[in-house]
Amino acid sequence: MLTLQNASVMRGRMLTLDDVSLSLAAGRTLAVVGESGAGKSTLIAAVLGLVKLHRGRIAWNDAPVATIRPALVMQEPRAAFNPALNLRRSVMEPLTARRLTPDPVRLARFCDGLELPRDLLDRRPDQVSIGQAQRVGILRALIAAPPLVLFDEPLSALDAVTQKHTARLIAQLQAEEGFAALIVTHDLGYAAAYADDIAVLRAGRLQEVQPAHAFIAAPQTEYGHTLRDAAFALGALEHVA
Amino acid sequence: MRSVIVLAIVFVMFAVVGPILAPHDPTAINIPQRLSPPNSQWFLGTDALGRDILSRLLHGARWSLGLAFLISLIGLAIGTVVGLAAALGGKWMDWAIMRVTDMFLAFPELVAAVVIAGLMGASTASLIFALSIVGWMRYARVARGIGLSLESRGYVIQARLAGMSPLSIARWHYLPSLLPSLIVVWTGMFARAILGISALGFLGFGVQPPTPEWGTMLLDARIHMRSTPLQMIWPGLAVVACVLAINLAGDSLRDALAERERSA
Amino acid sequence: MIGAVSGLLLRSVVVLTGTALLTFVLLWNAPGDPALSIAQARYATVVSGDVLEQVRAEAGLDGGFWTAFRGWIEPLLVGDFGQSSVTGRDVWPDLLTAASYTVPLALMGLGIGMVIALPLAILATRRPGSWMDRLAVALASLGAAIPAYWLGLLLILLFAVTLAWLPAMGARTPAHAILPAMTLGFGVAAALTRIIRSGILEARGQSFLPALRRRGVTHRAIGRDHVAPHAAIPVITVFGLELAFLLEGLVMVEVIFARPGLGSFLVSAILARDFPKVQAAVLLTALIFVTINLAIDLIYRVIDPRIGARDA
């Protein structure tokens, strides 16, 4: 279980993450929503240990998060891959770092599940579509079977059709693999459709945490209302409500 | 642009095949024929000991260019390792390494090389040591600078999360991005090494006689400036031609690189 | 600002201390027995063991490395550079005399370089790509490829040997400085032309210039008020880099023209294995270099306050 206790991150003289306490149980999905600049990316960086905590602590079952080697799916699918290397080498990094050899059956199953052609991994990042690159990114995140996967705006670089498709694939793989997912997104529709819980972040502070359906039905805070109503107005919540 | 690179390659080829083309033994002393002007037997004349200047120039190419190549490669290796260590080793490592680099930069390279080679005693080994030890800082700065800019790239973060060691991150993710810029620095340092070798040779701290080397040849020729001024022209021309060709090749490489980055 | 200045000063002190230590390590590990070369220089080619030990003790070479280092650095901190191990004379006055020859020569070289480079670069950038521009670039490339010692020899050959217009060797009259200064100046001019040219071109490419032109600001006023300050920063940078070139050139030029000065002081001290003199010359060179670079860093902060902000 991932726990954040009073986690704060200081950037310059500003707290970009201010006293955030959250928890995410194994196999569950938590979506963190908020507008840009709300501290969502900082939250991810803090969980991954890429930035130092100013106060508080973040742990996975009382151990540092780094010990379970969490994986990250990034917002910009192509930037996550070294342009000079073929995709296979990048995808295998979580295994090569541990001197493990890839299990061909597992790899083939992932490729099929993510609808990636067999030869795709031998191409370079600029030779595949954005949607394919993002699915390869998911493949890399899952290859070493981490118990925790973080998704940083995983859909925002994709077009509408690819977004739906990718969201479904992530949910399907989560059901098979059983990892805990922390999804950071500004897309409340996506959060409502796929997350167990929704946390609202604003200016680095946690506004509220609720089960997804409860949040959509009745946000507890004024800001939560604003967010939900804006999403309703855009028609993003039609299929949920 | 391409022609300049070809020209530079031709000069390097000279260093390889030059000695085969030499019409005479570069160290064969022939006192009766000393200080001969250019003629059909001695195309560029002879020096004070009657040695064929053309043959000495051609053999000298191997020393001047070969040593410069070696020295600039040693600098490249040291500088890349140091720069990457600074970029990847964390804040304190970076601070310490950059102060050491500053120390080495706190002194004009060639003057430092003169001091080092002079104190170590004149020999080819001390020449190589002296010029390599003063020739790595530019590489280090470039490697560190680009390295620090790579730190926030998605694929570098991914590699770190995957648990790749700093060494393999340096090898697979940093080195390929560094290489083009390092090669541009290298051409400049190659040219500087040619100048440095001949300067040390000219001061008497470099390659020792009777080995033909352009700077030492110039030192010998200087005494006979009045009687045979041409003898002094050839080795200097050889240095200028090589340095010019390599510098121009480096410039066009740099322009090509800038062009590629602009279009990317 | 005060914090930044004291930071830069601290950095300079660290660098100078390190340079002193590095030089001393180098001298300590140099092959050959320094005591022997001192004794030979003072007394005779054949030296008895007793004399050798006496010399060793006098020169402070009988303790360990740190004893010797402290024996050198402690008087240095109060401005005592010690005595020449060969002649026994104080190093400092000799060093001053040498500098009194070198500094004017360096300034003349810089002056000649500027006088050539500035008009050449301005003419070249009037129309980029014109024959004038290409000529300037070609001259600059050629100049960068010609080693100072060869250029010096060619000038001697032409003006002193063939034409017999100018004296070449020594420093007896002001005319003796002309050829060395020209040798230095041409090299400086080559590098400066290049940098001033690209500095001007880059400044012209700045996005605000067309807007100024549309507002009816004259060509000349734009050049003076907007292009010149932008071109100044790379020129100052290059002045720092040129300094290294200048010091290197000075060593070669002083040797070629048999002029007294810091360069020939250093080379003769190395040849005589006169360690106190070598140390003094090395440290003075480093001091000059560090001081000027410090000054350049400070000038940067005055011209463009963003630079200080970026470091913080």
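Figure 1. In strand 9 of chain A, A:Pro211 is the bridge partner of A:Asp197. This close-up, like those that follow, is taken from a predicted model. Strand 8 (residues 197-202) and strand 9 (residues 205-211) of chain A are paired in the antiparallel sense, and six bridges join them. The two strands form a hairpin with two residues between them. Within the turn, A:Ala203 has a positive phi of about 50 degrees.

**Figure 2. The open sheet of three strands in chain A.** The strands of this sheet follow the order 2-1-4, and their pairing is antiparallel. At the edges lie strand 2 (14-24) and strand 4 (55-60) of chain A, each of which pairs on one side only. From one strand to the next, the twist averages 25 degrees. Strand 1 (residues 2-11) of chain A pairs with strand 4 of chain A over five bridges, in the antiparallel sense. A:Leu2 stands opposite A:Trp60, a residue of strand 4 of chain A. In general, the strands of a sheet pair through backbone hydrogen bonds, in either a parallel or an antiparallel manner.

**Figure 3. Helix 1 of chain A against the sheet.** Helix 1 (residues 40-48) of chain A lies across strand 1, strand 2 and strand 4 of chain A. Relative to strand 2 of chain A, helix 1 of chain A runs at about 65 degrees.

**Figure 4. The overall fold of chain A.** The secondary structure of chain A consists of eight helices and nine strands. Along the principal axes, the C-alpha atoms of chain A fill a box of roughly 50 × 40 × 30 Å. The radius of gyration of chain A is 18 Å, which agrees with a compact globule, because a globule of 241 residues would have a value near 18 Å. Of the 241 residues in chain A, 43% are buried. Among the contacts in chain A between residues at least 6 apart in sequence, 68% join residues at least 24 apart.

**Figure 5. The contact between chain A and chain B.** Chain A contributes 18 residues to this contact, and chain B contributes 13 residues. On the side of chain B that touches chain A, the elements giving two or more residues are helix 7 (154-162) and helix 8 (166-203) of chain B. Helix 7 of chain B supplies the largest share of this side, namely seven residues. By class, the side of chain B that touches chain A comprises eight nonpolar, four polar and one charged residues. Among the elements of chain B, helix 7 of chain B also has the highest mean pLDDT (92), whereas helix 1 (residues 2-21) of chain B has the lowest (71). Over the whole of chain B, the pLDDT averages 84, and 97% of the residues score at least 70.

**Figure 6. The contact between chain B and chain C.** Of the two pairs of chains that touch, chains B and C have the most contacts between them. The contact takes 34 residues from chain B and 36 residues from chain C. On the side of chain C that touches chain B, the elements that each supply at least two residues are helix 1 (2-29), helix 6 (131-145), helix 7 (148-162), helix 10 (219-256), helix 11 (262-271) and helix 12 (275-303) of chain C. Helix 1 of chain C gives the most to this side, with eight residues. By class, the side of chain C that touches chain B holds 29 nonpolar, five polar and two charged residues. Chain A and chain C, in contrast, do not touch, and their nearest C-alpha atoms are 11 Å apart. For the complex, the predictor gives an ipTM of 0.88 and a pTM of 0.82.

Figure 7. Chain C has 13 helices and zero strands. Of the 312 residues of chain C, 36% count as buried. Among the contacts in chain C between residues at least 6 apart in sequence, 70% join residues at least 24 apart. The mean pLDDT of chain C is 80, and 82% of the residues of chain C reach 70 or more. Over residues 308-312 of chain C, the pLDDT stays under 50. For residues 308-312 of chain C, the model has three contacts beyond four places in sequence.

Methods
Residues numbered from 1 in each chain as written. Chains lettered and ligands numbered in written order. Predicted model: local features only at pLDDT ≥ 70, side-chain atom pairs only at ≥ 80, totals over all residues. Contact = placed C-beta atoms within 7 Å. Helix = DSSP H or I, 4+ residues; strand = E, 2+ residues; numbered from the N terminus. Nonpolar A, V, L, I, M, F, W, Y, C, P; charged D, E, K, R; others polar. pLDDT = per-residue confidence, 0-100. Rg over C-alpha atoms; globule rule 2.2 N^0.38 Å. Buried ≥ 20, exposed ≤ 12 C-beta atoms within 10 Å, placed from the backbone. Pairing = 2+ DSSP bridges. Axes fitted to C-alpha atoms, helices over the stretch in contact; angles between N-to-C directions.
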